[in-house]
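Please look over the sequence and the model shown below before reading on.

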There are 2 protein chains.
Amino acid sequence: MTLTGHMLIGQHTVAGNRAAIRGIDPATDAVLEPAYAGGSAEHVEQACALASAALDAYRETTLSGRAEFLQSIAEEIEALGDELIERAHAETGLPRPRLQGERRRTCQQLRLFARTVRAGEWLDVRVDTAQPQRQPLPRSDLRQRQIPLGPVAVFGASNFPLAFSVAGGDTASALAAGCPVVVKAHSAHPGTSELVGGAIARAIKACGLPEGVFSLLYGSGREVGIALVSDPRIKAVGFTGSRSGGLALLQAAQVRAEPIPVYAEMSSINPVLLFPAALHNRARALAEGFVGSLTLGAGQFCTNPGLVIACKGPALDSFIEATAEQIKRQAAQTMLTPGIFKAYESAVNTLTENSAAHIAAQGQIGSGPNQGQAHLFVTDAADFLADHNLQAETFGAAALIVQCASDDEIRQVTEQLEGQLTATLHLDDADLEQARALLPILERKAGRLLVNGWPTGVEVCNAMVHGGPFPATSDARTTSVGTAAILRFLRPVCYQDFPDSLLPSALQQANPLHLSRLLDGHREALAHAE
Amino acid sequence: MTLTGHMLIGQHTVAGNRAAIRGIDPATDAVLEPAYAGGSAEHVEQACALASAALDAYRETTLSGRAEFLQSIAEEIEALGDELIERAHAETGLPRPRLQGERRRTCQQLRLFARTVRAGEWLDVRVDTAQPQRQPLPRSDLRQRQIPLGPVAVFGASNFPLAFSVAGGDTASALAAGCPVVVKAHSAHPGTSELVGGAIARAIKACGLPEGVFSLLYGSGREVGIALVSDPRIKAVGFTGSRSGGLALLQAAQVRAEPIPVYAEMSSINPVLLFPAALHNRARALAEGFVGSLTLGAGQFCTNPGLVIACKGPALDSFIEATAEQIKRQAAQTMLTPGIFKAYESAVNTLTENSAAHIAAQGQIGSGPNQGQAHLFVTDAADFLADHNLQAETFGAAALIVQCASDDEIRQVTEQLEGQLTATLHLDDADLEQARALLPILERKAGRLLVNGWPTGVEVCNAMVHGGPFPATSDARTTSVGTAAILRFLRPVCYQDFPDSLLPSALQQANPLHLSRLLDGHREALAHAE
């Protein structure tokens with residue numbers, strides 16, 4: 001397939017008329033063809049008009065019809081074959097096996113969402129039947145289902161060019177909910193975006209859906225993004241990226257006449273607590289696991305473990321020593337973009353110049369451009385508590401170890417943390433009560449708590465929470481990974497005293513879709529159709 | 001019980017140090033004793049500190065412990081007896097039977113929420129069990145539950161001094177979710193607020209809960225309200241009131257460092273569509289039902305039917321004539337406050353002066369202060385479409401009938417409506433297809449759709465949606481009435497690979513709380529304990 005450098009507005013390829021974006025191979029700084037001319041507010045207008053026109057038809061697709069569409073997107077992405085992997089590799093510097101794994105995850109996610117759409121739990125059907133004889137007043141028949149919010153704007157992320165980008169979690173969950181999607185492609189991988197956007201457009205055509213269900217826009221400046229968030233037809237925003245980027249979208253949404261939800265997944269340093277018995281019994285194994293998670297993908301994971309909290313002493317000394325050894329052996333890795341590499345260098349320099357933190361180890365220096373070198377810093381709890389800057393996210397393979405003098409200092413450090421995507425506890429049986437005492441704080445701070453694992457793997461499943469209190473996200477009530485991500489794009493509607501034939505099929509008395517229902521306050525036993 | 005004029009900060013009565021509020025009997029303009037000196041930012045600080053300190057203990061009360069607390073509040077409110085009804089009657093001018101009904105509703109709501117807390121559906125338990133053999137990577141054990149957001153600020157409404165005020169839906173749902181609550185009392189009924197606040201404080205003491213679970217503040221200006229919404233320990237806001245009031249709170253929340261959800265239920269004109277066959281067959285009965293709903297409680301319901309949409313013709317003429325007759329017979333009613341009466345008069349004058357609308361009927365003039373006189377206006381669809389001001393909410397017993405020339409004009413008028421709490425359809429069998437064609441628009445516009453009923457009754461149940469797109473509310477994803485209101489104050493937390501003994505009981509493998517669970521994607525059959 002030849003890349004065109006054009007946007008996709010519905011089924012039409014459209015050339016932009018603003019400054020062009022070009023992919024850059026971060027391993028060589030080579031500029032890639034073709035150029036992607038940016039869109040303008042007018043293109044946003046066209047895409048939103050199509051999305052709005054598609055809404056009522058798309059949101060009433062049958063559960064199986066919508067599920068087949070999601071599966072079809074997965075098939076079209078797989079059919080792109082090696083071209084997708086090669087282009088993504090060229091644009092991101094990520095190793096091919098990692099990209100193959102990410103493609104698998106992206107397609108599995110679409111298929112899981114297809115199964116979830118079919119099962120229909122997300123409709124949260126609630127039925128309260130009429131009580132005509134009730135005193136002093138009769139009760140009406142009341143039935144509730146969830147309907148889609150409307151067209152959704154999605155901003156692709158740089159660090160997962162497949163799983164968190166054009167057909168990533170935000171797009172997949174919005175489409176699963178029944179919302180048309182307008183994607184603003186991340187400028188770091190325009191070619192990958194075009195390939196995946198084309199796959200979605202083909203799936204739309206194959207499934208006979210209205211073309212406005214999906215559009216893909218480019219833009220190097222703020223014009224397209226701000227116009228998109230400001231368009232009155234857009235009813236929600238999904239974003240994964242930097243804190244400053246997320247806050248800019250939040251602000252654009254706040255000046256709208258009609259407030260809309262902005263789901264921005266932003267910044268997290270993912271604290272890891274090492275409890276005494278675990279640290280004493282397996283400092284070296286912990287160091288190995290830690291460095292593996294820290295340096296995965298050049299440290300460019302939202303859930304990268306950037307902060308370690310533990311009590312001072314010989315066990316922690318052993319851990320630091322073993323970690324430092326490992327870090328020193330780490331080869332430099334190509335970072336995603338020259339911009340991310342520069343930001344990483346700058347953040348590491350800031351930490352290096354901070355007298356409260358000292359460098360315990362550095363990884364190997366790379367040759368060639370954009371080579372991220374791993375870093376390990378150590379500080380004391382008192383310094384950490386005194387300097388809020390030590391909580392800033394360093395996007396890359398750099399971590400800070402906070403040495404505490406007492407359990408009370410561990411508690412203080414934990415209580416002072418900002419909101420996080422994850423918090424990790426490494427513990428042995430003897431640590432259980434100490435861990436239990438910290439749990440209430442950790443629950444208030446993070447969306448996901450892990451025991452004896454590492455936070456960088458984010459399973460796509462029903463129970464996952466990839467979210468958390470601000471600034472981890474802009475909306476702690478939600479997750480951007482897993483099937484509960486679909487719930488972000490829904491709102492409830494209640495139907496009172498409707499004749500059965502006028503009700504949507506999800507709410508009809510005979511339950512023709514075999515949905516799980518809350519019937520007069522009780523979870524109804526399901527007579528499975530199969 | 002003697003009213004003190006003091007605030008409640010935890011278990012302590014505290015005198016304010018700002019300008020005093022006094023209840024006013026709107027039927028006589030008499031000023032009521034005692035004076036309620038307003039609180040300051042310092043009192044907000046004290047209440048929020050207590051609420052924050054109470055959070056971890058309160059949110060881990062057992063389901064039955066929390067349910068008993070909610071029941072205990074209902075009992076304490078009932079134990080206030082006639083004193084509560086008399087004081088609320090004096091402060092609001094609402095008839096005693098209406099207040100008795102509202103008290104019944106308030107207590108039933110607390111008891112329904114108690115049953116809902118016990119049943120535990122709101123915990124939305126999701127379990128994905130470990131798959132250690134999975135290729136290429138094993139899957140961890142992942143479990144999700146909902147936990148409370150944190151302390152909640154509640155702003156009482158004027159129009160339901162019991163059901164939407166100190167112990168109303170917002171407070172009850174936040175407490176049910178496990179959130180401590182700080183209420184800013186509505187200045188229109190300070191004595192009623194003190195009585196109900198005392199009932200909650202006694203329930204807290206009786207149940208042995210931390211005192212910070214509830215505080216009640218007064219304040220005539222913006223100081224208390226803005227300080228409350230701005231306090232970093234407050235994690236969500238519930239409000240029912242005017243559009244300007246709701247937007248002011250939204251704005252205060254937007255300048256916080258950490259964004260928080262603001263659930264403001266604001267403005268709705270609750271369109272009623274009269275379809276041809278229904279109008280032809282029962283114009284007179286429709287007129288009776290309509291006027292009954294319009295004038296209920298002097299028209300001071302959020303769901304008051306302020307807009308009627310129908311096709312021109314003899315049937316609509318009959319309806320207008322019958323409605324006008326009824327309106328003319330309507331006695332004036334005492335409105336809630338001098339301020340609401342003045343705003344109503346002003347809105348009616350604005351409509352009267354609008355050349356696009358003409359007065360079809362006026363109710364009887366009352367004697368004495370604050371007597372709201374019912375009004376009926378008529379306009380044409382073309383004028384309605386041309387003048388957005390005709391969509392402004394008139395809080396009181398005034399309605400506008402929009403005469404349409406065609407089905408297409410009905411569609412245009414409906415499509416141009418702002419977001420609404422409700423939309424009502426009056427239809428007979430012959431109208432079904434015409435109604436069906438409009439449903440997609442109505443679903444996008446409103447939170448609750450009714451057939452052949454009137455919107456002013458809002459049932460407290462599982463399927464209710466008292467919410468809707470902006471400006472009906474600031475967050476269309478939610479309801480402020482019914483058990484789903486609890487979900488507004490929760491966020492998900494995921495526990496990965498936790499030893500069973502470290503898990504909260506809601507997530508333990510043996511399901512000791514007998515909760516409905518989504519287990520590996522399937523709704524688990526429940527072995528009931530009873």
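In strand β20(A), A:L400 is the bridge partner of A:L307. This is a predicted model, in which local features need pLDDT of at least 70 and side-chain atom pairs count only at pLDDT 80 or more, while totals for chains, interfaces and linings use all residues; side-chain values use heavy atoms, with hydrogens and water left out. Residues are numbered from 1 along each chain as its sequence is written, and chains are lettered from A and ligands numbered from 1 in the order in which they are written.

**Strands of chain A**

- Strand β15 (residues 307–311) of chain A pairs in the parallel sense with strand β20 (residues 398–404) of chain A over five bridges, where two strands pair if DSSP finds at least two bridges between them.
- β15(A) also pairs in the parallel sense with strand β14 (residues 271–274) of chain A, over four bridges, and in that pairing A:A310 of β15(A) is the bridge partner of A:L274.
- Helices (H or I, at least four residues) and strands (E, at least two) are DSSP runs, numbered from the N terminus.
- A right-handed β-α-β unit is made by β14(A), helix α9 (residues 276–295) of chain A and β15(A); right-handed means that, with the strands pointing away from the viewer, the path from the first strand over the helix to the second runs clockwise.
- Because four of the five residues of β15(A) are buried, this strand is largely enclosed by the rest of the structure; buried means under 20% relative accessible area, exposed over 50%, and partly exposed in between (1.4 Å probe, protein chains only).

- B:A310, which lies in strand β15 (residues 307–311) of chain B, counts as buried at 0% relative accessibility.
- Leaving aside residues up to four places away in sequence, B:A310 touches B:L274, B:L279, B:L316, B:V402, B:Q403, B:C404 and B:I410, where contact means heavy atoms within 4.5 Å.
- The C-alpha atoms of B:A310 and B:P276 are separated by 7.8 Å, although the two residues are 34 residues apart along the chain.
- B:T106, in helix α4 (residues 96–119) of chain B, counts as buried at 2% relative accessibility, and B:T106 touches B:L162, B:A163 and B:A167, again not counting residues up to four places away in sequence.

**How the two chains are related**

- Chain A is superposed on chain B by a rotation of 180 degrees with 0.0 Å of shift along its axis (RMSD 0.0 Å), and the two copies are thus related as by a two-fold rotation axis.
- Copies are superposed by least squares on the C-alpha atoms of residues with pLDDT of at least 70 in both.
- The copies meet through the same surface, because 100% of the interface residues of chain A are also interface residues in chain B.
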